[in-house]
Amino acid sequence: MEQAMLEVRSLTKRFGGLVAVDHVDLQVYPGEVVGLLGDNGAGKSTLIKMVSGVHHPDGGQIFFQGKEVKMSIPMDALELGIETLYQDLALAENLDAYSNIFLGREMTKRFLGLIKVLDHDSMREESIKVLERLEIEIPSMHNQIKLLSGGQRQAVAIGRSIYWNAKLLIMDEPTAALGVQEQRKVLDLVRLLSSQDIPIIIISHQLYDIFSVTDRLVIMRRGKKVAERITKDTNPDEVVGLITGSEEVERKTQPR
Amino acid sequence: MTDAQAGGSVRSAGRFGLWLGQNWALLFLLLEVVLFSVLGTRFLSLENLQNIFVACTVVLLLGMGETFVIITGGIDLSVGFVMGFGAVTCAKFMVLLQAAGLPQGASIPLAAVICLLIGLIPGLVNGTLVARLKVPPFLATFGMYGIAYGISEIISKNTPISGLPSAAGVIGNEYLLYIVPRKMVTFLIRPQNITRLEMRSMLAIIPIIVVIAFIFVGIFSFVLRRTRFGRHTYAIGGNVDAALRSGINVTSHLTRIYMISSFFASLSGVLYVLKYVTGRADAGSARMLDAVVAVVIGGASLYGGTGAVKGTIIGALIIATLETGMVNLSIPYHNRYIVIGGILVIAVLIDQFFPELVGRR
């Protein structure tokens, strides 16, 4: 069997008395698109925030490319090649588009051969290139994020997460704030990236999106993983039942 | 007039209004200068204009540190008393090193360096409280406000420190350039052997203290505008979660921000010692208000994310011009607090109700 790109074993996170994520196991293989499903508060976002180094697990292990990893800050995850597109986009509204794409990893050049200063021109050019891949136009790279539309903001956030040649891409509600046209572009992008063997974890409430791009589904409820399905072997009705808990089918499907 | 023209002129009127709003501080400064020139005596003389720059150094330096802090969405209330702490530490070390037998040329700079290093400690404490222990900046630095003052009074034994090396006052009160018309030009050293008449016509240009202040202002302005550190400072103020998830080490960054603030406060204390050849615990007591006012007049939002050194310089000049002008017109000194407090309230109201005016860097 092929080695999993990401494997989490028995991952647990508590917030006070609440067990947000309760002993969850999950594997993601190269080129695979995994849908992570569950109602609000099921623990999806908390789970991925542990994988992206934002939260620290209270129990369990994370393996990346076969090696156990401990991440104390988000930079650790970024350095491993785990890129995350957050639901709230995590953009600094007071900065312009290219500054956000390069936030935390700014390109620099030498000033008078001595001091490292921001290389605005290179960052702007690279940002234009990456946004062209998304076919979403930003009126000006110099506009502050707060002046952009929802779709344009999303494009900046996606641009940031794909620019760095991710080894694993996590997308939390990537189509939520978008128009129909833009949603399709994002889904095309997901297919394109997975065809380049980049595994993707995608969280979405849009079942249509999930069924059109994923290979496998993981369903969570109240912090626990309750089911795992091969996408083509299931249907939206069953999935909705699993999410809400009205359908307690225990039909274990082995991934691959 | 066609519709297009009408639309154009309305738009340009709107643009002019916006420009007016965004540059109200600069206009206010010009207004002050005009007003005091008309009402005062010899307000526009070279000497008086230089006095304004000397008067603005304290506010400018405290405001520089405060600019970094306010951009991150915090505030540093301790700068005034950290300045006092810097002044007494610097003065104390000058006295001690002189007593230890060091020549003036060594004891003065050494005391200044020691003071600047010790001056990082209040910032380290503030930064640790704010960044690591999540104490609101207002409370953490308010605590330091009291602590720094108390310690300064202990060091100075409640009296201004005296008996400093005499050369200290030279750096603080001399000028970069002296010109005796039709006779000589000297750098740093006051011309010797000149007649009393020549002395009166002598021009002293650019106080050394102002040069020192602006060197540091220039360096840190560069850091804020051109480096990753500066960019991260804005990002933290704009969206701390975004900064965190982009991999910026927010904890260590914020700690350094508060250390920059206390560095500038200490530097201000050192310059105080050089100018007045004494160290007092209350050297900068009321200056915290001025520093915050300068930064806010300069267009920084107390909600974080915006602000610029350019604005803080204008803000500091507004306060210094006001001070100098009021002295020129013999208006009692305490009135300045009322005026400056009033300006702060107006600036904050503009920030609150016209946020589009402060969305500039």
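In this predicted model, the centres of domain 1 of chain A and domain 2 of chain A, taken over C-alpha atoms, are separated by 27 Å. Chain A is divided so that domain 1 covers 1-81 + 166-256, while domain 2 covers 93-165.

**Domains of chain A**
- Domain 1 of chain A brings 11 residues to the contact, and domain 2 of chain A likewise brings 11 residues.
- On the side of domain 1 that touches domain 2, the largest share, 5 residues, is supplied by helix H6 (residues 180-195) of chain A.
- That side of domain 1 consists of 8 nonpolar, 1 polar and 2 charged residues.

**Contact between chains A and B**
- Chain B gives 21 residues to the contact and chain A gives 23 residues.
- On the side of chain B that touches chain A, helix H11 (228-238) and helix H12 (240-245) of chain B each supply at least two residues, and the largest share, 6 residues, comes from H11(B).
- The residues on this side of chain B comprise 6 nonpolar, 10 polar and 5 charged.

**Helix H14 of chain B**
- Helix H14 (residues 287-297) of chain B is largely enclosed by the rest of the structure, because 10 of its 11 residues are buried.
- Among the buried residues of H14(B) are B:Arg287, B:Asp290 and B:Ile297.
- The cover over the buried residues of H14(B) includes helix H2 (24-39), helix H3 (46-71), helix H4 (79-99), helix H15 (309-328) and helix H16 (335-353) of chain B.
- After H14(B) comes B:Gly299, which has a positive phi, near 100 degrees.

How values were computed: Residues are numbered from 1 along each chain as its sequence is written. Chains are lettered from A and ligands numbered from 1 in the order in which they are written. This is a predicted model: local features need pLDDT of at least 70, side-chain atom pairs count only at pLDDT 80 or more; totals for chains, interfaces and linings use all residues. Two residues are in contact if their C-beta atoms, placed from the backbone, lie within 7 Å. Helices (H or I, at least four residues) and strands (E, at least two) are DSSP runs, numbered from the N terminus. Ala, Val, Leu, Ile, Met, Phe, Trp, Tyr, Cys and Pro count as nonpolar, Asp, Glu, Lys and Arg as charged, and the others, Gly among them, as polar. A residue is buried if 20 or more other C-beta atoms lie within 10 Å of its own, exposed if 12 or fewer, and partly exposed in between; C-beta atoms are placed from the backbone. Domain bounds come from an automatic or database domain assignment.
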